[in-house]
Amino acid sequence: MIQTETTALALSREIREKKRTVRETVQETLKKIHETDSSIGAFLTLRPEEELLEHADRIQQQIDDGTLNSPLAGVPVAVKDNLCTRGLRTTCASRILEDFLPPYSAGAVERLEEAGALIIGKTNMDEFAMGSTTETSAFQITKNPWNTAHVPGGSSGGSCAAVAAGEVLLALGSDTGGSIRQPSAFCGVTGIKPTYGTVSRYGLIAYASSLDQIGPVAGNVSDCAALLQAIAGHDPRDATSLVRKDLDFTSACVCDVKGMKIGIPKTYFQDGIDPEVKEAVLRAAETFRSLGAFVESFDLPLTEYAIPAYYLIASAEASSNLERFDGVKYGCRASEYEGLHDMYKKTRSEGFGAEVKRRIMLGSFVLSAGYYDAYYLKALRTRALIKQSYDHAFTTYDLLLAPAAPSTAPRIGVSLEDPLKMYLGDIYTVSVNLAGLPAISLPCGFDRGGLPIGMQLIGNAFAEKTLIRAAYTYEQTAQGLKTTPTAEKEAHR
Amino acid sequence: MTEKITLETIEDVSILAKLKLDPEEAENARKDMQKMLDYVEKLNELDTDGVEPLTHLFSYGNVFREDIVTNGDASEEMLANAPKAKDGQYQVPKTIE
């Protein structure tokens with residue numbers, strides 16, 4: 001059996017030391033998913049067992065003949081359903097792509113497979129990653145493994161719930177405005193949004209191209225670092241992909257924050273934050289201080305302008321990116337129409353859900369003649385100022401400590417009634433995407449109802465290793481937090 | 001002063017967005033957009049005169065490559081996803097009367 005407390009790195013080591021086979025690992029993972037996922041709903045599509053077992057045997061062969069010795073060899077990974085997987089249904093949780101079979105795999109998926117990991121299936125998400133609860137999925141509701149009356153967060157809710165429920169040890173998500181960090185916080189797992197350009201976006205179905213970034217989700221910092229290391233690297237098929245020299249992220253898993261300068265943005269702890277979240281994050285600040293870090297509060301200006309700028313930019317880019325779904329090249333086509341334009345309109349109106357249409361409408365408006373300067377360019381100018389304010393902060397601090405979200409996971413069914421209110425919940429995450437920075441979200445406590453609280457460490461561009469070192473140090477110190485929904489239930493029995 | 005969104009605006013935008021909205025959806029879209037625009041009005045508090053719009057996070061210049069085909073012919077696989085295809089081509093409704 002795969003122990004719920006094990007790590008992906010330990011599991012792969014066992015496989016490479018011949019203590020277990022890849023085939024057994026895959027079978028156990030599928031068994032766990034079959035037992036658990038009917039109550040969680042993390043997966044939209046599973047790879048057929050036969051195909052998985054064949055793949056497992058191929059990996060086993062490579063391990064046995066010594067051609068494969070990567071730290072994640074043989075580990076099953078769940079992949080968010082906006083990442084193309086060759087021959088495996090990829091829907092973006094949208095009706096419009098219900099039967100889409102990608103003819104190629106995303107760059108990040110290719111790299112994972114080269115590292116000997118197995119794609120076990122595709123996880124639920126908000127439709128086209130637009131949402132913060134995974135409830136805008138056209139297909140199913142995903143439940144928070146800690147309390148199934150609550151959402152897992154979003155948009156990478158399926159990936160984070162799958163890890164929290166122990167169905168998989170690793171998953172890929174994508175983060176446009178917090179879509180890895182917020183659900184990681186809600187599900188009590190660890191997730192990284194890398195510096196823009198670190199992971200290839202080739203084969204990631206685009207929402208807002210200047211903000212989107214693929215990243216790892218796992219049960220702990222070391223696994224996250226290893227998964228990031230496996231998927232990072234330059235890819236000429238993504239023109240925004242960067243050539244970075246040092247991608248040895250796992251070497252940053254060392255216990256040492258002595259002398260590290262950590263800034264706490266004051267405005268993040270003022271209005272609208274749940275007192276229990278505030279308390280937990282400030283307690284983590286104390287932990288860092290006791291470990292030898294220098295921690296202080298400071299003024300990070302422009303916080304309140306991040307959400308309006310983000311929603312204008314993201315919606316504008318979405319309206320442009322989603323024009324490709326027109327019933328011609330892929331996806332569904334309306335059954336009845338009169339002429340080409342009517343076909344486009346009916347196909348899109350039937351294929352997209354309410355939140356996607358809302359953002360396409362807003363984006364089309366702000367890009368239209370007469371409004372472009374007042375809204376879109378204004379947002380891009382604001383974006384420049386927000387980036388400057390972070391640049392300035394990083395002249396003093398090595399990293400910033402913040403909550404990942406103002407509250408813990410809301411109950412299912414309450415968030416979509418007021419979209420604007422839902423958008424405001426992204427206050428601590430969107431500015432990181434606007435500035436292209438890396439950030440990690442990791443557990444730092446529980447609220448009175450037993451739901452996880454997450455904190456966020458934000459780094460300067462390319463400073464993932466600083467983030468990983470600080471997060472790893474905290475995690476090793478706060479061992480008591482490393483628990484799972486199942487373990488927690490048993491402890492209270 | 002926020003832009004006033006009318007049903008005519010929504011009609012114009014739905015043409016750009018290639019979406020067909022029934023009267024109820026159009027009214028909801030009008031309300032939603034008005035609410036969002038009232039909210040983003042906040043940006044006008046900021047003086048952004050002389051600030052260059054941020055279009056690229058890291059300025060490494062344009063990325064060029066030689067104009068050489070490197071991928072193979074995947075037309076069959078590509079067409080397999082098309083709702084309608086004929087003779088190796090995408091099939092669309094008649095565009096010229």
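In chain A, helix H2 (residues 22–40) and helix H3 (residues 49–64) pack with their axes 8 Å apart and at an angle of about 150°. Here axes are lines fitted to C-alpha atoms, for helices over the stretch in contact, and angles run from 0 to 180 degrees between N-to-C directions; helices (H or I, at least four residues) and strands (E, at least two) are DSSP runs, numbered from the N terminus. H2(A) is therefore roughly antiparallel to H3(A), a term that applies to angles over 145 degrees. The model is a predicted one, in which local features need pLDDT of at least 70 and side-chain atom pairs count only at pLDDT 80 or more, while totals for chains, interfaces and linings use all residues. Residues are numbered from 1 along each chain as its sequence is written, and chains are lettered from A and ligands numbered from 1 in the order in which they are written.

The crossing of H2(A) with H3(A) is right-handed, that is, the near helix is turned clockwise from the far one by less than a right angle. From H2(A), the residues A:Val22, A:Arg23, A:Val26 and A:Leu30 meet A:Glu49, A:Leu52, A:Leu53, A:Ala56, A:Asp57, A:Ile59 and A:Gln60 of H3(A); contact requires C-beta atoms, placed from the backbone, within 7 Å. This set comprises seven nonpolar residues, one polar and three charged (Ala, Val, Leu, Ile, Met, Phe, Trp, Tyr, Cys and Pro count as nonpolar, Asp, Glu, Lys and Arg as charged, and the others, Gly among them, as polar).

Chain A as a whole contains 16 helices and eleven strands.

Chain B has three helices and two strands, in the order α-α-α-β-β from the N terminus. Its radius of gyration is 22 Å, whereas a compact globule of 97 residues would have one near 13 Å. Buried residues account for 19% of chain B.

Between the chains, 53 residues of chain A are in contact with 37 residues of chain B. On the side of chain A that touches chain B, H12(A) supplies the largest share, eleven residues. The residues of that side are 31 nonpolar, nine polar and 13 charged.

Key
Contact = placed C-beta atoms within 7 Å. Rg over C-alpha atoms; globule rule 2.2 N^0.38 Å. Buried ≥ 20, exposed ≤ 12 C-beta atoms within 10 Å, placed from the backbone. Parallel < 35°, antiparallel > 145°, perpendicular 65-115°, else oblique.
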